[in-house]
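Me: I have a structure open and want to go through some of its details. Can you take my questions as they come?

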Amino acid sequence: MTTSSQALQVLSQFQTTAVETCFHDRHIGPQILAGLDGKNWSLQDYVARGGYQALRKILTTGMTQDEVIATVKESGLRGRGGAGFPTGLKWSFMPRQFPGQKYLVCNSDEGEPGTCKDREILQHNPHIVIEGMAIAAFAMGISVGYNYIHGEIFQTYERFEAALEEARAAGFLGDNILGSTFSFQLHAAHGFGAYICGEETALLESLEGKKGQPRFKPPFPASFGLYGKPTTINNTETFAAVPWIINNGGQAYLECGKPNNGGTKIFSVSGDVERPGNYEVPMGTPFSTLLELAGGVRKGRKLKAVIPGGSSSPVVPGDLMMKLTMDYDSIAKDGGSMLGSGAVIVLDDSRCMVKSLLRLSYFYMHESCGQCTPCREGTGWLWRMVDRIERGEGRESDLALLDNVAENIMGRTICALGDAAAMPVRGMIKHFRHEFEHHITHKTCTVSAYV
């Protein structure tokens, strides 16, 4: 077998078909995944669904930059990559009168364990991202953009390149778009699978051809970003939400969700459910409803815990999670966790929380870029201590030490990877301390089986 065929064989396992993950009738009021069947990704199909009407509306009706930004602000759209920062406010930070080059960047470096939404948007509805980026570029007076795509989904990168060629040929990208004075050049770039490049400044370093390591902030990308120029970075799903907002109005989008949490959100539900997959539902949907859409807990078992926003968010006990709604405020204020990227990992009562934490800790140790001492050394310490406890060699002092190490990592690193490694540890110990104590005292697991 040749090297190229071996590479294709490895990459094929990451190719998305979405037969079970997003092509179903269990979405609630979908805006991004509506009408998709896996074959209708092309420009012709997108236009037939009303695509590029939002961009045409802006460029042919005299809608101003300020009006576009005001509409996005009114919508309550918040960043869908994890931070949840208000999108319209971020766009307003861009110095529109800056005399030099400015850049727009889409963060499609989807590497958070449990998250698989962005790749399916790019694979099955790429033009909605292109249109969203073009609208954002118009609003901020930007003429050049890049979509940085995770390196392990190369076929998705190729699909996006094909969509770019279609958009250019049809006049939706390039010079004097749709006969207007607005010009926007959009390019695709692929990474090589480094989790750290999901951090926006590490992504910029990688785009510049350098090692993907986070930058010190300030300065922030809005003033010193790609190639040292003002840059705005948003997530794939964030850009994909923009055309609907322009077509239907900011208020209509806000009413799809709840105050301060407008619109729909795609949740990647995985773990111990009967129907894992991507579910687009209005923000503020009860978790119990989302769980029901996913077929409930597998085999009728009891819900034990949920990691609501990707592996970096603190775990929430099942009983508490059933009382929460799926929006930034409820998960943070009432659940003590984060909505994050919307990767909902469901754990049933057969799961050993010590072993679950061991897997997460190993991931963050492996993905630390090594730039910061607390993260480089601390993630290794966390993994080794959890591994010791899981193997039945834990010490009585380990839990206090684990919590202390995690506390000393948080807030002491250049980027949030250190926090991402520490928060699962603190959350697991807080809510499931008895399981860790049982491992240490009895050298065995509290659950009868781990599957």
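Me: Start with strand β6. Is β6 mostly covered or mostly open?
Reply: Mostly covered. This is a predicted model, and in it six of the six residues of β6, residues 277–282, are buried.

Me: Which strand does β5 pair with, and in what sense?
Reply: β5, residues 264–271, pairs with β6 in the antiparallel sense, over six bridges. The link from β5 to β6 is a hairpin of five residues.

Me: What stands opposite S268?
Reply: N278 in β6.

Me: Stay on N278, then. Buried or exposed?
Reply: N278 has a relative accessible area of 1%, so it is buried. The cut-off for buried is under 20%.

Me: What does N278 touch, leaving aside neighbours within four places in sequence?
Reply: Its contacts include I266, F267 and S268. N278 is also in contact with T21, C22, H24 and H27, and with C116, K117 and E120.

Me: Other topic: the open sheet. What is the strand order?
Reply: The order is β3-β2-β1-β4, four strands with parallel pairing. β3 (185–190) and β4 (231–235) are the edge strands, each pairing on one side only. Neighbouring strands in this sheet are turned against each other by 20 degrees on average, direction ignored.

Me: What holds paired strands together in general?
Reply: Strands of a sheet pair through backbone hydrogen bonds, parallel or antiparallel.

Me: How many bridges between β1 and β4?
Reply: Five, in the parallel sense, with β1 covering residues 103–108. Within that pair, V105 stands opposite I233 in β4.

Me: Which strands does α10 lie across?
Reply: β1 and β4. The angle between α10 and β4 is about 90 degrees.

Me: And how do α3 and α10 pack, in angle and distance?
Reply: α3 (residues 53–60) and α10 (residues 236–248) pack at an angle of about 55 degrees, and their axes are 8 Å apart. That angle makes α3 oblique to α10. The crossing of α3 past α10 is left-handed.

Me: Which residues meet there?
Reply: From α3, Q53, A54, K57 and I58; from α10, P243, I246 and N247. By type, the residues of this contact are four nonpolar, two polar and one charged.

Me: Now H150. Where is H150?
Reply: H150 lies in the loop between β2 (144–149) and α8 (154–169).

Me: What is H150 in contact with, beyond four places in sequence?
Reply: S108, D109, E110 and G111, together with G191 and G193.

Me: And how far is H150 from C197?
Reply: 8.7 Å in space, C-alpha to C-alpha, with the two residues 47 apart in sequence.

Me: Which peptide bonds are cis around P218?
Reply: The bond from K217 to P218 is cis, with omega near 0 degrees. The bond joining P218 and P219 is also cis, with omega about 5 degrees.

Me: Where do P218 and P219 sit?
Reply: P218 is in the loop between α9 (200–207) and β4. P219 lies in the loop between α9 and β4 too.

Me: What is phi at Y227?
Reply: Near 55 degrees, which is positive in a residue other than glycine. Y227 is found in the loop between α9 and β4. At 43% relative accessibility, Y227 counts as partly exposed.

Me: And N176: what is its phi, and where does N176 lie?
Reply: Phi is positive, about 50 degrees, although N176 is not a glycine. N176 lies in the loop between α8 and β3. Its relative accessible area is 46%, so N176 is partly exposed.

How values were computed: Residues numbered from 1 in each chain as written. Predicted model: local features only at pLDDT ≥ 70, side-chain atom pairs only at ≥ 80, totals over all residues. Heavy atoms only, no water. Buried < 20%, exposed > 50% of the residue type's maximum accessible area, 1.4 Å probe, protein only. Helix = DSSP H or I, 4+ residues; strand = E, 2+ residues; numbered from the N terminus. Pairing = 2+ DSSP bridges. Axes fitted to C-alpha atoms, helices over the stretch in contact; angles between N-to-C directions. Parallel < 35°, antiparallel > 145°, perpendicular 65-115°, else oblique. Left-handed = near helix turned anticlockwise from the far one by under 90°. Contact = heavy atoms within 4.5 Å. Nonpolar A, V, L, I, M, F, W, Y, C, P; charged D, E, K, R; others polar.
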